[in-house]
Amino acid sequence: MAQSITFLYSILIILISLQSSNAIFLNSLFSTQDGSNLCNADKCELKSNWSHQAVCDYVNCNDDACEGGGYLLWTQYVECAPNTTSRVFIIIAAVLYMLLLFLMVSSAADDYFSPSISSIVAHLRISESVAGVTFMAFGNGAPDVFGSIASVLSSPTPKADLALGELFGGGLFVTTMVVSTIILTSPFDVEVFSTIRDLLFYLVALSFLGFCFIFYNRVTLWMPLTFLGLYLLYVLTVIGAQYYHNRKRKAIQQQNSVKSRASRRSRKSLHSVAPMPVIPEIEVQEQSVPFPEISVVTGAIDKLKEHMTEKAQERPVRRYTKRPSFLVNGEGHLNHLHPYAKQNHLGTSRRQSELSNEDEEFVVIHGQVYQGHEARSRAASLVPEPRKISSWRNFDVLTDLAEHLDPRPDAEDWEEMNIFSKVLSYINVGPNFLFKLTIPLNEQSWSKPLTLIHAFTCPAFLLFSLQFFLKSPFSGSPGLWLYGLAVSIVIAALLIFFTELGVQPKYYKEIYSYAGFIMSIAWIYLISSEVVNVVTMLGVVSRVSHEVLGLTILAWSNSIGDLIADVSVVKQGYPRMAMAAAIGGPLFNLLMGFGLPFTIAKLQGKYISMTINPTYRLLILFLAISLLATLIGIPVQKFRLQRPHAAVLISIYIAFIVFVLLSETGVLVWN
């Protein structure tokens with residue numbers, strides 16, 4: 001194990017060193033030529049009359065402007081290719097690589113990031129209304145938000161146009177095409193308050209950003225801070241509405257309880273033969289956190305243990321290492337055994353929540369809905385018992401490690417997949433193995449060998465993903481990789497001396513939840529940075545603006561997943577929940593995707609231009625039209641969205657694409 005860890009560190013150091021030395025050599029080469037004054041350009045602008053060598057030298061010298069900030073420098077690979085055939089093959093490889101990255105970011109968000117968030121919410125006992133607009137929204141919008149962060153922060157030259165193009169383009173696609181698909185799948189009655197609230201906040205944020213574009217030519221610190229403040233106001237609005245709703249619901253429940261007791265007393269008085277002694281009623285105080293009764297949870301745990309034993313007997317070849325869980329509704333009743341963190345039947349509590357006006361948090365994982373109490377019970381469920389291993393010399397150590405690192409889906413999941421999903425699972429085997437090697441997963445049972453590996457891989461990969469691996473904290477100091485290695489050795493020593501092979505530590509699940517949360521963020525940020533690299537290369541090669549690339553490639557790639565997930569949610573019987581995600585999701589992405597990275601960039605002293613070009617005008621205009629169309633269409637259709645409204649939204653998006661094409665080709669000229 002020690003040799004493999006040393007080999008891993010050596011590979012990382014060699015890769016980063018080669019990249020740095022190559023950049024230094026190429027910059028020095030370009031500085032000896034006549035065009036050296038073109039170094040350190042703000043934008044990557046290639047001239048048509050340049051020679052192949054001049055273009056290659058320019059791209060090498062301006063890697064901050066011509067690259068996205070990741071490790072693979074695709075623009076240099078393409079522009080410095082020796083011939084056209086190599087150039088075409090490199091572009092095709094880059095596109096395929098980008099498609100793989102889209103699959104990886106979806107898997108990292110669904111399989112690792114969201115479970116960690118659910119466990120953190122359950123551990124901190126955060127109220128449902130707060131979790132719904134913070135942690136759960138962050139879990140659903142992680143690819144979009146981190147894509148914006150990577151566009152702005154991954155390179156010294158912020159690619160704000162790429163980030164804004166993705167945020168605007170994704171918002172327009174979701175609020176038109178996704179919403180129209182939801183309506184076409186199943187017309188539904190709108191949840192009036194939350195939908196209108198989200199639409200109004202979205203319009204306010206969009207209007208403020210349009211105001212900034214009109215009157216300012218650069219981003220200043222107060223602009224993204226205003227967006228963060230608007231997000232805070234949105235959170236407070238949701239909390240206030242939830243508080244009012246809970247008070248109203250409790251009052252109704254108390255009123256119904258009084259009527260029920262009075263009815264029982266009247267029936268007893270009518271049918272009683274002799275007067276019965278009056279028994280004083282015991283008032284039961286409701287707990288602040290709606291957790292189920294102990295007897296219900298105990299019964300669920302017993303059933304889970306029986307279920308795990310049956311699984312172990314049925315499939316002795318492949319051990320049951322993933323945790324099962326149970327679902328408990330708001331009243332504390334056991335709804336359904338949840339053996340593979342999936343729900344195949346509609347629970348009573350979910351139907352009741354869909355018909356209520358309650359703003360409850362939910363997360364969608366692989367098209368499956370997890371609502372507030374379900375996400376909590378899933379996060380609070382049992383972790384499978386670790387394998388009983390008595391000694392390191394036992395062969396079971398390797399068997400246990402192999403089971404935990406197995407990247408294949410479970411047999412039950414495999415049987416339920418269609419052909420397309422099975423193909424994606426095969427493609428995702430390699431990335432999933434890397435995820436399991438570097439991301440602690442709180443749904444798996446305790447494995448001391450794997451935890452020791454995580455002690456070394458997690459600090460190393462965290463530094464690698466942030467590009468801090470070789471950076472020195474001060475002059476004359478070794479790289480941060482050496483400090484990370486020292487931290488890993490300390491953690492490994494603590495694990496060796498204070499944990500046992502076959503006994504799960506006390507705070508194993510909590511520690512793995514927070515560690516998994518951090519490492520999931522590291523992976524999503526790294527993947528997003530590599531996506532920005534590929535998209536930047538496509539823009540340089542095709543001479544298409546970053547705004548157009550953002551509103552097409554990035555926006556469509558991130559929104560297709562939303563489309564599939566929301567349609568799945570509708571088919572499960574939750575059209576209003578899908579509508580909430582289609583409006584609230586892009587709103588969260590815009591507020592946090594602009595507020596967070598641009599605030600950090602301004603605190604770092606970066607200059608970010610803000611020019612209202614034709615593409616931005618069209619994006620803001622048509623996004624506002626789509627939001628206003630839904631806002632006006634809700635009362636016009638008597639609070640029931642029907643298929644004619646879907647046709648209107650589709651027409652808006654088609655008109656937007658036509659206007660963008662006319663603008664980019666020069667047919668439509670703006671004054």
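The structure described here is a predicted model. Within this model, Pro431 is placed in helix 18, which spans residues 429-438. When neighbours within four places in sequence are left aside, the contacts of Pro431 are with Leu100 and Met104. A separation of 9.2 Å is found between the C-alpha atoms of Pro431 and Leu103, two residues that lie 328 residues apart along the chain.

Helix 18 also packs against helix 19 (residues 448-465), with an angle of about 100° and an axis separation of 7 Å. Helix 18 is therefore roughly perpendicular to helix 19, since angles of 65 to 115 degrees fall in that class. On the side of helix 18, the contact is made by Lys436, Leu437 and Thr438. Helix 19 contributes Leu450, Ile453, His454, Thr457, Cys458 and Phe461. Sorted by class, the residues of this contact comprise five nonpolar, three polar and one charged.

The largest nonpolar core contains 122 residues, and Phe168, Leu209 and Phe656 touch the most other members of this core. Helix 21 (residues 508-542) gives the most to the core, providing 14 residues. For Phe168, the contacts beyond four places in sequence include Leu206, Leu209 and Phe213.

Side chains of opposite charge can pair when their charged atoms come close. The model contains four salt bridges, among them the pair formed by Glu79 and Arg87, with an N to O distance of 3.3 Å. Glu79 counts as buried because its relative accessibility is 4%, whereas Arg87, at 24%, counts as partly exposed. Another salt bridge joins Arg197 to Asp198, and the closest N and O atoms of this pair are 3.1 Å apart. Arg197 is buried at 9% relative accessibility, and Asp198 is buried with a relative accessible area of 4%. The side chains of Arg408 and Asp406 also meet in a salt bridge, at 2.7 Å from N to O. Asp406 has a relative accessibility of 11% and therefore counts as buried.

Terms used
Residues are numbered from 1 along each chain as its sequence is written. This is a predicted model: local features need pLDDT of at least 70, side-chain atom pairs count only at pLDDT 80 or more; totals for chains, interfaces and linings use all residues. Side-chain values use heavy atoms; hydrogens and water are left out. A nonpolar core is a set of buried Ala, Val, Leu, Ile, Met, Phe, Trp, Tyr and Cys residues joined through side-chain atoms within 4.5 Å. Buried means under 20% relative accessible area, exposed over 50%, partly exposed in between (1.4 Å probe, protein chains only). Helices (H or I, at least four residues) and strands (E, at least two) are DSSP runs, numbered from the N terminus. Contact means heavy atoms within 4.5 Å. Axes are lines fitted to C-alpha atoms, for helices over the stretch in contact, and angles run from 0 to 180 degrees between N-to-C directions. Angles under 35 degrees count as roughly parallel, over 145 as roughly antiparallel, 65 to 115 as roughly perpendicular and the rest as oblique. Ala, Val, Leu, Ile, Met, Phe, Trp, Tyr, Cys and Pro count as nonpolar, Asp, Glu, Lys and Arg as charged, and the others, Gly among them, as polar.
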